[in-house]
Amino acid sequence: MLQATVKLCCGIAHDHLRRLPTGEGGEQNFSYFSAFMLAPKARCAEPGGDISTCQFSSTDLSYIQQGERALQRALSILQHPPSWQAEPVLDAGAAVSSAVLPGLGRVFRVEAVLAAPLGWLHRQLFEELEQMPRWNPTLSRVEVLQRPGEDTLVTHEVTSASPVGRRDFVSVRHRRRTQAAVYLVGTATRLERLPAQEGCIRAETRLSCIALQPLAGDPGCTRVTWLLSVDLKGWIPSAVTDRVLPRCQADFIGHLRRHLSATAREALSLAQ
């Protein structure tokens, strides 16, 4: 029903990443590299230059800072996980849970393992972001409006038609790469030259974060942890949203898996 309301805010980097250390009980230790991740990366013409003066305009810098703030918020959740409650999603390949957090409302978490290396995911979900509607039927259009930095995008996504109408999103997408994992965060932003589209309700992503880790012992597989909090706006009761969003997350993982299978078949036929 509301599948057309969920989008993936993500971007993934390189193929050869080491496994994130685990803590007691096998939980991922996200704090291992948080200090490195939260340090903004300045690429200046002169050594030691100021990121705000040597490369980025004030507008670009504000988008990058928005992405960094979303990253810090997501890391706080990952490092200090709340009491997650399992959601009844009928998908054996994706485990979905949720928790109510201050300032975000209900946050949904989906966990899955995809039979794809990080490099493939990077191409599909960041470098070829605008091609996503070809394999994700819940989206009709994805457009990169601005590229404030190497790891930051401003995007506009429009959902496909559905019985509850269409939504569009204007978002900052920000990625961060480490030797242990890759993170993509997203959050709503404003763009004066892009008002709400005719026939659409402007929805907002409060927070989206996808943590990608190579599966231990199998670099051809990737462990995905996706946090998502969305305000759909309009007159949709929160009880309905809370039932449908976890289903939408699981469905997205299904679309991604099918795209992976189709890509593999295409590559095999070309090789023959």
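Trainee: In which sense do β9 and strand β10 (residues 218-231) pair, and over how many bridges?

Mentor: In this predicted model, the pairing of β9 with strand β10 is antiparallel and extends over 11 bridges.

Trainee: How many residues lie between β9 and β10 in their hairpin, and which residue in the turn has a positive phi?

Mentor: The hairpin leaves 2 residues between β9 and β10, and Gly217 in the turn has a positive phi of about 85°.

Trainee: Which strand is joined to β9 by 5 bridges?

Mentor: Strand β7 (residues 182-188) is joined to β9 by 5 bridges, and these two strands run antiparallel. Within this pairing, Tyr183 has Ala211 of β9 as its bridge partner.

Trainee: How many residues of strand β9 (residues 204-215) are buried?

Mentor: To read burial, one compares the relative accessible area with a cut-off: a residue under 20% is buried, and one over 50% is exposed. In strand β9, 9 of the 12 residues are buried, and the strand is mostly covered. For the protein chain as a whole, buried residues make up 51% of the 272 residues.

Trainee: Is Arg147 buried or exposed?

Mentor: Arg147 has a relative accessible area of 59%, and it is therefore exposed. This residue is placed in strand β4 (residues 139-149). Leaving aside residues up to four places away in sequence, Arg147 touches Thr152 and Leu153. Its C-alpha atom is separated by 9.7 Å from that of Arg173, a residue 26 places away along the chain.

Trainee: How many salt bridges does the structure hold, and which residue forms one with Asp242?

Mentor: The structure holds 10 salt bridges. Asp242 forms one with Arg106, their closest N and O atoms being 3.5 Å apart. This pair links distant parts of the chain, with Asp242 in helix α5 (residues 238-271) and Arg106 in strand β3 (residues 105-114), 136 residues apart. Asp242 is partly exposed at 26% relative accessibility, and Arg106 is partly exposed with a relative accessible area of 26%.

Trainee: How far apart are the closest N and O atoms of Asp151 and Arg175?

Mentor: In the salt bridge between Asp151 and Arg175, the closest N and O atoms are 2.6 Å apart. Because Asp151 lies in the loop between β4 and β5 (152-159) and Arg175 in strand β6 (residues 166-177), the pair ties together parts that are 24 residues apart in sequence. Asp151 counts as buried at 4% relative accessibility, and Arg175 counts as buried at 6%. Both residues also belong to a network of salt bridges that links Glu150, Asp151, Arg175 and Arg177.

Trainee: Which strands hold Arg202 and Asp168?

Mentor: Arg202 and Asp168 form a salt bridge whose closest N and O atoms are 2.8 Å apart. Arg202 lies in strand β8 (residues 200-202) and Asp168 in strand β6, so the pair ties together parts 34 residues apart in sequence. Arg202 is partly exposed, with a relative accessible area of 23%, whereas Asp168 is buried, with a relative accessible area of 0%.

Trainee: How many helices and strands does the protein chain contain?

Mentor: The protein chain contains 5 helices and 10 strands. Of its contacts between residues at least 6 apart in sequence, 63% join residues at least 24 apart.

Notes
Residues numbered from 1 in each chain as written. Predicted model: local features only at pLDDT ≥ 70, side-chain atom pairs only at ≥ 80, totals over all residues. Heavy atoms only, no water. Helix = DSSP H or I, 4+ residues; strand = E, 2+ residues; numbered from the N terminus. Buried < 20%, exposed > 50% of the residue type's maximum accessible area, 1.4 Å probe, protein only. Contact = heavy atoms within 4.5 Å. Salt bridge = Lys/Arg side-chain N within 4 Å of Asp/Glu carboxyl O. Pairing = 2+ DSSP bridges.
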